[in-house]
Each structure stands twice: as structure tokens, then as C-alpha cells.
Amino acid sequence: MTCPAAPIGEISVDNLLRETAKIAQWIRLSGTPPELESVQYVAEQLSAYGLSTRLLLHDAYISLPGAARLTVSGLGEIACITHSFSAAGDFELLLADGAAPDESAEGTALLMDGLAAGEEELFARQRGAAALIMVNANYTHEMIISNVWGSPTSQQLEFLPKLQVISITAADGARLRDQLKLGPVAIRIHTEVDTRWRKLPLLLADLPGVEEPDQF
């Protein structure tokens, strides 16, 4: 099956690049004014193409990660990021290696390999950890650590994450484990996360049919 050549020939590369550059000028964090501005721009463009548009605003439970810092005794500050739905705060803790299951994690910051996710946060909580440090690969990955999909109901609130969660690179993870071999490691974790209900824009666009516009 081949695609008709005519519609493909009508695609404008210049328009595509221009619109992509226009949209990219906004940092479109969910529920923020720049996101709304970008959606309003899209609505204007679709209207110019002959589509009818409706902009709806709906409530959504949104978590935006901010700054994060990790300070380690004997090593100083280590680059890190925090994640959507992480707990926010500033705490001093001892480090525990999650690769050593016989080591107590009660009240510590648990060091684990992999990407930050809801399962890992729950595992750390079940071991009694107060925070979680995920060791990624060569660079850190932006992740969401909630097991709740969509906005939570009152019955799902208990399933939302409770711990501070940060991620570091594999190289820094190796440095932390080397430090643990020398004895207890004191650390300080600082996370800023803005989690709350926000109004999110939802743009609907309709293109009426040519022959039976009321039905198609």
C-alpha cells in the first residue's frame, strides 16, 4: 500500500521548522503560564487552518522537581537530581548500601542501582529507609516515582511516595561505595519539589466534514 503523493507534496518543511521553533521557545511545565501560552498559540494556528477549537481547564495533581543537593562526609558535594513526587526537605542521614540486604536500612539513605521509580521507593520504605539514592549510568535520568497513574483519589493517597529520592551517576555511586568501605558515611540531602493540584489546559480541535459536517 502506497501513500498518495499529493498530500505529502503539500507538507511544508519550512512551516514545520518554524512552528517547532515557536513551540520550543516555551518551557512547558504542566500547569504553568508558559504551558497555557503555548496551547493558546496552537489554538490560534489551528483556527487559522479552519478548525474549531475549545480550550478546557481541568484539575490535575502535578509534581515539579526543583533543586537538589547531596553533601557527603569526606567527599563534599555530589551532583544529583530529584524527581517528581519525591518528598521535599533537608535532612542529615547515614548512608546504607542497598546491595547489602543484611545491612540495616532503618532511618538511613539507601543506595541502590537503577532508575528511580515507584517500586524502588516502596522497597526502600519497606526496609525502613528515610531516603533513597538511585545510582544511574553515565548520566542521571528524569523520572516520576509515583505508582499512582493520573490524579489520585482519596483511597490512593497512601500509595503516593513518602521518601526523598535523588539520582546520581554510576561514577559517583562508586565513590560513595568506596567511602562506605572506610566506615559510616554521613550525608545531607536537600530536595525541592512542588507537588499540588493545578489547572491543566486541554485543547480540543474539530475539523468539520465537507459533505456532512454535522456528522463527520
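## Thr82 up close

The side chain of Thr82 gets to within 2.9 Å of the backbone oxygen of Val165, a polar contact in the sense of an N or O pair within 3.5 Å, where within protein one atom must be able to donate a hydrogen and the other to accept it, and residues adjacent in sequence count only if both atoms are side-chain atoms. Another polar contact, at 3.3 Å, ties the side chains of Thr82 and Ser86 together. Bear in mind that this is a predicted model, with local features needing pLDDT of at least 70 and side-chain atom pairs counting only at pLDDT 80 or more, while totals for chains, interfaces and linings use all residues. Residues are numbered from 1 along each chain as its sequence is written, and side-chain values use heavy atoms, with hydrogens and water left out.

Is Thr82 buried or exposed? Thr82 is buried, at 2% relative accessibility (buried is under 20% relative accessible area, exposed over 50%, partly exposed in between, with a 1.4 Å probe and protein chains only). Leaving aside residues up to four places away in sequence, Thr82 touches a list of residues including Pro65, Ala68, Glu142, Ile166 and Thr191; contact here means heavy atoms within 4.5 Å.

## Where Thr82 sits in the sheet

Thr82 belongs to strand E3, residues 81–82 (strands are DSSP runs of E, at least two residues, numbered from the N terminus). E3 pairs with strand E7 (residues 164–168) in the antiparallel sense over two bridges, pairing being called when DSSP finds at least two bridges between strands.

Zooming out, eight strands make an open sheet with mixed pairing, ordered E2-E1-E8-E4-E5-E6-E7-E3. E2 and E3 each have a single partner strand, so one side of each lacks a neighbour in the sheet.

## The E1 end of things

E1 (residues 52–72) runs antiparallel to E8 (residues 186–206) over 19 bridges, and Tyr61 has Trp197 in E8 as its bridge partner. Three residues separate E1 and E2 in their hairpin, and Gly74 in the turn has a positive phi of about 85°.

## The largest pocket

The largest pocket holds about 240 Å³ of space. Its lining includes Tyr61, Phe85, Asn147 and Trp149, and E1 supplies the largest share of that lining, three residues. By type, the lining splits into seven nonpolar, five polar and no charged residues. On a 1 Å grid over the protein atoms alone, a pocket is an open set of points where a 1.4 Å probe fits, with protein on both sides within 12 Å along at least five of seven lines, and lining residues have an atom within 4 Å of a point.

Notes
Helix = DSSP H or I, 4+ residues; strand = E, 2+ residues; numbered from the N terminus. Points joined across faces, edges and corners; volume = space filled by probe spheres on them. Nonpolar A, V, L, I, M, F, W, Y, C, P; charged D, E, K, R; others polar.
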